[in-house]
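User: I would like to go through this model with you, starting with helix packing and then moving to voids and backbone geometry. Here it is.

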Amino acid sequence: MNYRHAFHAGNFADVVKHLILSRIIHYLKRKDAAFRVLDTHAGVGLYDLQGEQSERSGEWLHGIGRLFDTALPPAAQALAQPYLDAVRAQNPDGVLRFYPGSPLIARTLMRQQDRLFALELHPQDAAALRENFAGDIQVRVTELDGWAALGTHLPPREKRGVVLIDPPFELKGDFSRLVAGLEKAVTRFPGGIYALWYPIKDSAEVDSFVRDLKSTRIGKILRAEVTVRPPSTPARLYGTGMIVINPPFTLEDELKILLPPLADLLGDAGRGRVLLEWLAKG
Ligand code: SAM
């Protein structure tokens, strides 16, 4: 386990992923009934953008660094607001220094009745995550394999909620594990919303992942991608993707408003592009 999210925190992929997560949580809050967030690959929860790893990569400068002080068109800005509020909550003086990861964004947006279960396998990161939520009775942090949790932690007692699956993709098999893990999870918790992140580095790999998803029996699958530049050789990350199973009925229209200006902002020299399509709409 060499992957450390601190190098990538707040990059364009995090921004798109966390915006989509925030819209899903915003939707879940329409009803008073409690929901659960299960974050299977949670990271440490809070990142110092002036820390050594962030400084070395500088990736956040092309992500949250571009969005933090930029106004999107009004309708998109309104949709981005809950996410931006969660980032601002970590930077109360208005100067961007800290970036909240997915568990902290979820926690900031949750209400008193909602719960977060966050799993992290890296012992050091799990300890840091636990420390970040110390004393918070709405959050449970466990040092556990997130893939295993898809079997053991579902369905949640609340019977409603979102499962974020955000693996590091450092192992060759992560794309196929994603499909297998997802099928298992959806069988156990068919009414859940699932948000799966994937990197766009090699288009053949993504095509095969999409084919595999289409061949499952999962009924509702929305695919959202933002690419920030054309593919290149040698392959490097050029886009970010999210698969949302059982998306809120509002999500597709929201992403039609939100993603195009975001792609303009995050793309290299106007080369940002959006793909939004249903892989299954049953
Ligand atoms: N979800 C986080 C966010 O958005 O802020 C970022 C997560 S990062 C992409 C992936 C994380 O998964 C890393 O912190 C890594 O240590 C952890 N990890 C790797 N393999 C894991 C596994 N099998 N189960 C749980 N966590 C794992």
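User: How are α1 and α10 oriented relative to each other, roughly parallel or roughly antiparallel?

Analyst: This is a predicted model, in which local features need pLDDT of at least 70, side-chain atom pairs count only at pLDDT 80 or more, and totals for chains, interfaces and linings use all residues. Residues are numbered from 1 along each chain as its sequence is written, and side-chain values use heavy atoms, with hydrogens and water left out. Helix α1 (residues 12-28) and helix α10 (residues 251-266) pack at an angle of about 160°, their axes being 11 Å apart; α1 and α10 are therefore roughly antiparallel. Angles over 145 degrees count as roughly antiparallel, under 35 as roughly parallel, 65 to 115 as roughly perpendicular and the rest as oblique. Axes are lines fitted to C-alpha atoms, for helices over the stretch in contact, and angles run from 0 to 180 degrees between N-to-C directions. Helices (H or I, at least four residues) and strands (E, at least two) are DSSP runs, numbered from the N terminus.

User: Which residues make that contact?

Analyst: On the α1 side they are F12, V15, V16, L19, I20, R23 and I24, and on the α10 side L251, E254, L255, L258, L259, L262 and L266, where contact means heavy atoms within 4.5 Å. By class there are 12 nonpolar, no polar and two charged residues. Here Ala, Val, Leu, Ile, Met, Phe, Trp, Tyr, Cys and Pro count as nonpolar, Asp, Glu, Lys and Arg as charged, and the others, Gly among them, as polar.

User: And α1 with α5, at what angle do they cross?

Analyst: The axes of α1 and helix α5 (residues 102-109) cross at roughly 30° and come within 10 Å. That makes α1 roughly parallel to α5. H18, L21, S22 and I25 of α1 meet S102, I105, A106 and L109 of α5. That contact divides into five nonpolar, three polar and no charged residues.

User: What lines the cavity?

Analyst: The lining consists of R36, L38, F117, H153, L154, P156, V162, V163 and F189. β1 (36-39) and β6 (161-165) are the elements that give two or more residues to it. Seven of the lining residues are nonpolar, one is polar and one is charged.

User: What is the volume of the second largest pocket?

Analyst: About 240 Å³. Of its 15 lining residues, A6, V44, Y47, Q53 and D125 are the closest to its centre. The largest share of the lining, four residues, comes from α6.

User: Where are the cis peptide bonds, then?

Analyst: One joins L154 and P155, with omega about -5°, and P155 lies in the loop between α7 (146-152) and β6. Another joins T233 and P234, where omega is also about -5°. P234 is in the loop between β8 (220-227) and β9 (239-245).

Technical notes: 1 Å grid on protein atoms, 1.4 Å probe; cavity = no way out; pocket = protein on both sides within 12 Å on 5 of 7 lines; lining within 4 Å. Points joined across faces, edges and corners; volume = space filled by probe spheres on them.
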